[in-house]
Amino acid sequence: MTHRAGAHRAAAHRAGETTSPRSGLTAVSTALLAMSRHLEVRDVLKTIVASARELLDAEYAALGVPDDHGGFAQFVVDGVSDEQWKAIGPLPRQHGILAAMLHGADTERLADVRKDPRFEGWPAAHPEMSDFLGLPIRDGDDVIGALFLANKRCPKPDGACGFTEDDEELLGMLAQHAAIALTNARLYERSRELTIAEERSRLAHELHDAVSQKLFSLRLTAQAAAALVDRDPARAKGELQQVAALAAEAADELRAAVVELRPAALDEDGLIATLRTQIQVMDRAHTARVTFHSGGVRALPAAQEEALLRVAQEALHNALRHSGAAHVDVVLEKSGQGARLRVTDDGSGFDPKTVRRAGRHLGLVSMRDRAGGAGGRLTVESAPGKGTTIEMEVPGG
């Protein structure tokens, strides 16, 4: 322990403060482990901000990731309610103290941020802040974010900042680990983007093969109908009906592929809105009635939301392509801290054991893998002539 750290703790003791159970090395270790536990960028940002605010006992904390246009690609806050954040308005721009964090190399520790000459004000709904501690998050020579804390919860002598040099050191250590966690999360998301690109390429090949086969059959059938129209009108009529059926199948293939290839937009719209939109499209594209109900589901970790969406898409694909169902119902409901997805159809059903023995999985292996990868579980109930219910449950965050 340094002399300065010991003096600081002694002063805190004289001021009547008590040591929190989460203070010290254990709290730092917990914060660093929490940072490394998440793979999604936004989850990492939230964890960094919450950890910094708790460890340094501040009223407010924020972390901004800059974009290339003078603003922030992401800006995460802790200590501000959702209602307050909505009232504050659009994301801040890179100016004043925020710009100093992103374009300078120095830590800023201020007794009253409002009296700093670089301070340019804030929106009416913004909470009042005085003492301030901020520093850049660096990856080598690049600034990849900035971490801010305000309003230290402690007695403050007139004109003095509540944040100390010890706080600076601790925040600097957090920022170093935050840079590692954030870089790893970005690499993970890049890897996932590449996987999605590969999946889209595979789907494009499948679409090409499926639609090409349909169009080839359609062309041959149309040629047969043209040859028969004079000498056997009845057979020609039957061939033309087959042309219409093949054309409808090709259209279904195209519509379904468009839905599957469309970006999920989970970040912008959330799971419920994304599911509802895609199910409305499927309801219009297919003769079967496709319905959706949801209730009580809160935002989930990104990996769980994506897994739920993909399992719902796969289950819908099976029901609409293979089961001959007249009605498919999708339900997403709250289950403890997590959620439960249920996709039910009134189609032909199947024997899951027979399907496995025949080597035809109907996407069940993929769905189970997705559920397991998100920490959830998948169950399948089906029997010939009894329809199918696929249920997936995830634990939440």
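Predicted model: local features only at pLDDT ≥ 70, side-chain atom pairs only at ≥ 80, totals over all residues.
Let's begin with the strands. Five of them form an open sheet in the order E2-E1-E5-E4-E3, and their pairing is antiparallel. At the edges stand strand E2 (72-78) and strand E3 (108-110); each has a single partner strand, so one side of each is left without a neighbour in the sheet. From one strand to the next, the twist averages 15°.

Now look at one pair within this sheet. Strand E1 covers residues 58-66 and joins E5 in the antiparallel sense over 6 bridges. To find a spot in this pairing, go to Ala-61, whose bridge partner in E5 is Leu-149.

## Helices on the sheet

Helix H3 (residues 41-55) lies across E1, E2 and E5, and runs at about 40° to E2. Helix H5 (residues 96-103) also packs on the sheet, where it touches E1, E2, E3, strand E4 (132-139) and E5. The direction of H5 makes about 135° with that of E5.

## A closer look at Arg-153

You will find Arg-153 in the loop between strand E5 (142-152) and helix H6 (165-228). Its relative accessibility is 44%, so Arg-153 counts as partly exposed.

Which residues does Arg-153 touch, leaving aside its neighbours within four places in sequence? They are Arg-53, Asp-57, Ala-58 and Glu-59. Asp-57 is 96 residues from Arg-153 in sequence, yet their C-alpha atoms are 5.9 Å apart in space. With Ala-58, a polar atom of the Arg-153 side chain lies 3.1 Å from the backbone oxygen.

Conventions: Residues numbered from 1 in each chain as written. Heavy atoms only, no water. Helix = DSSP H or I, 4+ residues; strand = E, 2+ residues; numbered from the N terminus. Buried < 20%, exposed > 50% of the residue type's maximum accessible area, 1.4 Å probe, protein only. Contact = heavy atoms within 4.5 Å. Polar contact = N/O pair within 3.5 Å; in protein donor to acceptor, adjacent residues only side chain to side chain. Pairing = 2+ DSSP bridges. Axes fitted to C-alpha atoms, helices over the stretch in contact; angles between N-to-C directions.
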